[in-house]
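Here is a short report on one protein model.

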Amino acid sequence: MNALRHMIAALALLAPMATPGWAQEAVRSFGPAGAQTRLLLRTTTDIAIFAPTVEAFLATQPGLAIDFEQWGSNDLYAITMAECAASDPKADIVISSGVHQMVRLVNDGCAAPYRSAQTALLPPELRWRDEIWGISREPAVMVYNRRLVPEAEVPRTRFDLLDLLRPSASRYAGRVATYDIEESGLGFLFAFMDSQEASTFGALMEAFGRSGAVATCCSAEIIAGVAEGRYFMAYNVLGSYARTQAARNPDLGIVHPADYTLVLSRAALFPGEEVAPEAGRFLDFVLSTDGQLAMGRNHLTGVHPGDGEAAEDPAELDSVSRLIALTPALLVALDKHKRAGFIRRWRETFSRQTP
C-alpha cells in the first residue's frame with residue numbers, strides 16, 4: 001500500500017470507525033512514530049497476547065511500524081469482505097480465529113497469493129491455494145474455578161459435563177458459560193464443528209438451555225468470569241487465552257476434553273491483489289522458529305513440533321485432537337440455509353441470559 005493510504009490508516013486509529021455497525025475493539029501502534037513504512041494489521045487476537053510477536057518482528061525491521069487493530073471476528077470478516085467488494089483493501093494483513101470466514105474470503109477472491117520457504121513448510125491442512133495459512137495450534141478447552149468445582153466433579157469429557165447439568169437442582173445451573181454463536185464467529189465455528197463431530201451435541205445444547213447456561217462473548221471475558229466466580233466453568237474457550245490467565249491465577253483449572261479436543265489454527269491472509277514485501281516478511285517471521293517462540297510466550301502453541309510452547313500434555317492432546325483444517329470444507333459452515341437453521345436451533349434450545 002502507498003504512503004498516503006498508510007497515513008490515512010494511521011490517522012484512523014485516533015477516531016472511531018465511520019461505518020455503522022463495525023467497530024474495532026482496541027488499537028495500538030508499534031514501532032517508531034515517524035516511520036516511513038507502516039503496515040496495517042487487523043486481527044481478532046488480543047493486543048496483549050500478540051504484542052510480543054509484533055515487537056520481536058519489529059526488532060529485526062528498523063524503520064518499520066505496525067498499526068494494530070483488534071476486531072471481533074464477525075466485524076473483521078464484514079469489513080474485509082466489504083473492502084474486497086469495493087476493490088479497496090485497507091489492511092496489509094488479516095489474522096483471524098474465525099477461520100471459516102477466512103476460507104470464504106479466499107474462496108471469493110479477496111486474498112493475494114504468496115509463497116515462501118516458510119509457508120512451504122506448513123502441512124497441507126494449514127495452507128490452501130497459497131492464499132491462507134495457519135499460524136498456531138490452539139485447543140478449545142473447558143475452564144473451571146478450582147475454589148468452586150470440587151476435584152471429583154471436574155468434567156473430563158462432554159459426557160461428564162452432561163452429568164453435572166442433568167439434575168433439576170444442579171448447583172451448576174446458570175453457572176456455565178460459553179460463546180454466543182450469533183455474536184462470535186469463533187463461537188459459531190466451535191459449535192458447528194461440535195455438531196459435526198459429537199454425538200453429545202444435541203443433548204449438550206438441551207442441557208445448556210434447561211440449566212440456564214450463559215451465552216456471552218468472548219474468550220477473555222468468559223475466562224475472567226470463571227476466575228471471578230460469576231461462572232463455575234466455561235465450555236469451548238481458547239486454550240491459549242485460558243493458559244495465559246491461569247498462569248496468573250492458580251484458581252483456574254483447564255481441561256482438554258478426553259472424548260475429543262477441537263484444535264484451531266489462527267488463519268492469516270493478505271487482502272487485495274498484491275502483498276507488501278514487509279507484510280510477507282511479517283508472515284515469514286511469525287512462521288519461523290523465532291516467531292513461534294515469541295508467540296509461545298503467551299501460550300500460542302506453534303504450528304511445528306517443538307515450536308512455541310508445547311501443550312500441557314502433548315501425548316494426551318495428540319491422541320484426542322481434531323484439527324480444524326483450512327480447506328473448502330469449512331464453507332459449509334457459512335452456507336446461508338445451514339447457518340440460519342443452525343442458529344434457529346441454537347435460539348430454540350439455548351437460554352440466552354445477560355451475564
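## Contacts of glutamate 131

Setting aside residues up to four places away in sequence, glutamate 131 touches Val106, Ala111, Ala112, Pro113, Ala268 and Leu269. The model is a predicted one. Glutamate 131 sits in the loop between β5 and β6. Its relative accessible area is 12%. Glutamate 131 therefore counts as buried, since the cut-off for that class is under 20%.

## Alanine 111 and its partners

Alanine 111 is one of the residues that glutamate 131 touches. Alanine 111 belongs to the loop between α4 (99-107) and α5 (117-120). Is alanine 111 buried or exposed? Its relative accessibility is 8%, so alanine 111 is classed as buried.

Which residues does alanine 111 contact, once neighbours within four places in sequence are left aside? They are Leu105, Val106, Glu131, Leu269, Phe270 and Gly272. Val106 and Leu269 are in the contact list of alanine 111, and they are also in that of glutamate 131. One further pair deserves a look. Alanine 111 and proline 271 are separated by 160 residues in sequence. Their C-alpha atoms are 4.5 Å apart in space.

## The largest cavity

How many cavities of 30 Å³ or more does the structure hold? There are 3. The largest has a volume of about 70 Å³. Its lining consists of 13 residues. Thr178, Gly187, Ala191, Asn236 and Trp346 are the ones nearest its centre.

Four elements each supply at least two residues of this lining: β8 (176-179), α7 (185-197), α8 (201-211) and β10 (233-238). The most comes from α7, with 4 residues. By class, the lining of the largest cavity has 9 nonpolar, 3 polar and 1 charged residues.

## The second largest cavity

The second largest cavity has a volume of about 50 Å³. Its lining is made up of Arg42, Thr80, Glu83, Cys84, Pro89, Ala91, Val94, Cys110, Pro271 and Gly272. Helix α3 (residues 73-85) gives the most, with 3 residues. The classes here are 6 nonpolar, 2 polar and 2 charged.

Pro271 is part of the lining, and the C-alpha of proline 271 is 4.5 Å from that of alanine 111.

## Backbone geometry

Which two residues does a cis peptide bond join? They are cysteine 217 and cysteine 218, with omega at about 15°. Cysteine 218 is placed in the loop between β9 (214-216) and α9 (219-228).

Serine 87 has a positive phi, near 55°, and is not a glycine. Its loop runs between α3 and β4 (93-96). With a relative accessible area of 65%, serine 87 is exposed. Arginine 129 also has a positive phi, about 55°, without being a glycine. Arginine 129 lies in the loop between β5 (127-128) and β6 (132-134). Glutamate 131 is found in the loop between β5 and β6 as well. Arginine 129 is partly exposed, at 40% relative accessible area, whereas glutamate 131 is buried, at 12%.

Definitions and conventions:
Residues are numbered from 1 along each chain as its sequence is written. This is a predicted model: local features need pLDDT of at least 70, side-chain atom pairs count only at pLDDT 80 or more; totals for chains, interfaces and linings use all residues. Side-chain values use heavy atoms; hydrogens and water are left out. On a 1 Å grid over the protein atoms alone, a cavity is a set of points where a 1.4 Å probe fits but cannot get out, and a pocket is an open set with protein on both sides within 12 Å along at least five of seven lines; lining residues have an atom within 4 Å of a point. Grid points are joined across faces, edges and corners, and a volume is the space filled by probe spheres set on the points. Ala, Val, Leu, Ile, Met, Phe, Trp, Tyr, Cys and Pro count as nonpolar, Asp, Glu, Lys and Arg as charged, and the others, Gly among them, as polar. Buried means under 20% relative accessible area, exposed over 50%, partly exposed in between (1.4 Å probe, protein chains only). Contact means heavy atoms within 4.5 Å.
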